[in-house]
Amino acid sequence: MEGRRMSATVLVVEDHPTNMKLVTMLLSSAGHTVLQASTALQGIALAKANLPDLILMDIQLPDMDGLTAIHQLKSEATTMHIPIVALTAFAMKGDQEKAFAAGCDGYITKPIRYRDFLNQIEKLIAKHNGQPHGH
Ligand code: MN
């Protein structure tokens, strides 16, 4: 089933400038609007203020464990419905389970593989937009 690509607002919470640049470039070239945060607290604030369609959350952040940030966003009524994809620099055993336990909806291991990355993002955006209670 080939559908029209949906344009979404995606919040990227990532402290590494090179990864931020890459992810922003990929999302922008796919037609999405990108909001950027380099700390967990900044990310949580932007999520609440803008209610993005999707959040990409780095797990290793300077101010807060990304999993804690995910848990906070999934515990708040205003942000709990926003799909969150965890980003991690290394595939440590148990990381994926921890990420899903914290409430995230997807998991991407860095370095990012372009096609897999965009496929997963598009699926989550389409799924989210298909829900009747979207914002
Ligand atoms: Mn990081």
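1. Let's start with Asp 58, which is buried, at a relative accessible area of 2%. (Buried means under 20% relative accessible area, exposed over 50%, and partly exposed in between, using a 1.4 Å probe and protein chains only.) You'll find Asp 58 in strand 3. (Strands are DSSP runs of E with at least two residues, helices are runs of H or I with at least four, and both are numbered from the N terminus.)

2. A quick word on what you're looking at: this is a predicted model, where local features need pLDDT of at least 70, side-chain atom pairs count only at pLDDT 80 or more, and totals for chains, interfaces and linings use all residues. Residues are numbered from 1 along each chain as its sequence is written, and side-chain values use heavy atoms, with hydrogens and water left out.

3. Now the metal. Asp 15 (OD), Asp 58 (OD) and Gln 60 (O) coordinate the manganese ion at 2.0 to 2.1 Å. Along the chain, these donors follow the spacing D-x42-D-x1-Q. (Donors are N, O and S atoms within 2.8 Å of the metal, or 3.2 Å for Na, K and Ca; water is not among the atoms, so sites may look incomplete.) Gln 60 is partly exposed, with a relative accessible area of 29%.

4. Have a look at Glu 14, in the loop between strand 1 (9–13) and helix 1 (17–29). Glu 14 is buried, with a relative accessible area of 2%. Its side chain makes a polar contact with the side chain of Lys 110 (2.8 Å) and reaches the backbone nitrogen of His 16 at 2.9 Å. Asp 58 and Glu 14 are 44 residues apart in sequence, but 5.2 Å apart in space, C-alpha to C-alpha.

5. Last stop, helix 3 (residues 66–75): Gly 66, Leu 67, Ala 69, Ile 70, Leu 73 and Lys 74 are buried there. Seen down the helix axis, they fall within an arc of 160°, so they line one face of helix 3. (The arc is that of the directions from the helix axis to the C-beta atoms.) At the start of helix 3, a side-chain oxygen of Asp 65 comes to within 3.0 Å of the backbone nitrogen of Leu 67.

Notes. A polar contact is a pair of N or O atoms within 3.5 Å; within protein, one must be able to donate a hydrogen and the other to accept it, and residues adjacent in sequence count only if both atoms are side-chain atoms.
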